[in-house]
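The structure is shown first, and the points follow by topic.

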Amino acid sequence: MLCTAVLGWGPGSAFAQAVIEGRVELPKTSAAPVMDKRYEIVTKDGALATKPPLAVVYLEGSFPKAKATAEKEVLQKDLLFEPTLLPVQTGTRVAFPNLDDTYHNVFSLSPAKRFDLGRYRPDEKPIPSVVLDTPGLVTVRCDIHEHMRALILVVDTPHFVVTDAEGRFRLSGLPPGRHTLKVWLSSKTTLERPVELTRGNTLRVNLP
């Protein structure tokens, strides 16, 4: 299922919305196809990405100032982060619930957000969280379990979505006008294409 983050545009907004849908050519993977894919974060030539590959598609433009967004979560479950790739809008608070019967210590040394939530148990209240207030990529790790890693892409737009495993995406509720469509593939690769959206229409875009 695709999850789209959309900001409201007022009572008559339904008549002003546009849609972008299409497909992203995801990097090739040697992983055998399975019904229940386990995504993980891998490093190749210094680039952080998911395996099997996923992409984040988002629309940049001059949009009205965002309202407060709902709190998001990155779970710690079975000694893994879930989801491994999470896009959020600037200013979103992200909580890190511990669902394991052990301690975790979530931290990040990323330029977009440096934090250390300290060591905490599954029953910790309130759940440790952090506000991500600067656009960029935040790499999240656990100081106790070195293999654990997740990526949070902070974007300064309310319009974003994660592709499915085949690279398909759909962004709806978009304002008409000229904007820039961007596709995050890894920490070193972001594609972009100018788009012009018209009221009530669907634009088909395949990338690259």
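A residue counts as buried when its relative accessible area is under 20%. The model described here is predicted.

**Aromatic pair**
- The structure contains one aromatic pair.
- The ring centres of Phe96 and Phe115 lie 6.0 Å apart with the planes at 35°, so the pair is classed as tilted.
- Distant parts of the chain are linked by this pair, 19 residues apart: Phe96 sits in the loop between β10 (92-95) and β11 (104-110), and Phe115 in strand β12 (residues 113-120).
- Both Phe96 and Phe115 are buried.

**Open sheet**
- An open sheet of three strands has the order β17-β2-β20, with mixed pairing.
- The edges are taken by β17 (168-174) and β20 (202-207); each has a single partner strand, so one side of each lacks a neighbour in the sheet.
- From one strand to the next, the twist averages 15°.
- Six bridges pair β2 (residues 18-24) with β20 in the parallel sense.
- Opposite Arg23 stands Asn206 of β20.

**Strand β13 and its partner**
- Strands β10 and β13 run antiparallel and are joined by four bridges.
- Arg93 has Val131 in β13 as its bridge partner.

Conventions:
Residues numbered from 1 in each chain as written. Predicted model: local features only at pLDDT ≥ 70, side-chain atom pairs only at ≥ 80, totals over all residues. Heavy atoms only, no water. Pairing = 2+ DSSP bridges. Helix = DSSP H or I, 4+ residues; strand = E, 2+ residues; numbered from the N terminus. Axes fitted to C-alpha atoms, helices over the stretch in contact; angles between N-to-C directions. Phe/Tyr/Trp six-rings, centres within 6.5 Å; stacked < 30°, edge-to-face > 60°. Buried < 20%, exposed > 50% of the residue type's maximum accessible area, 1.4 Å probe, protein only.
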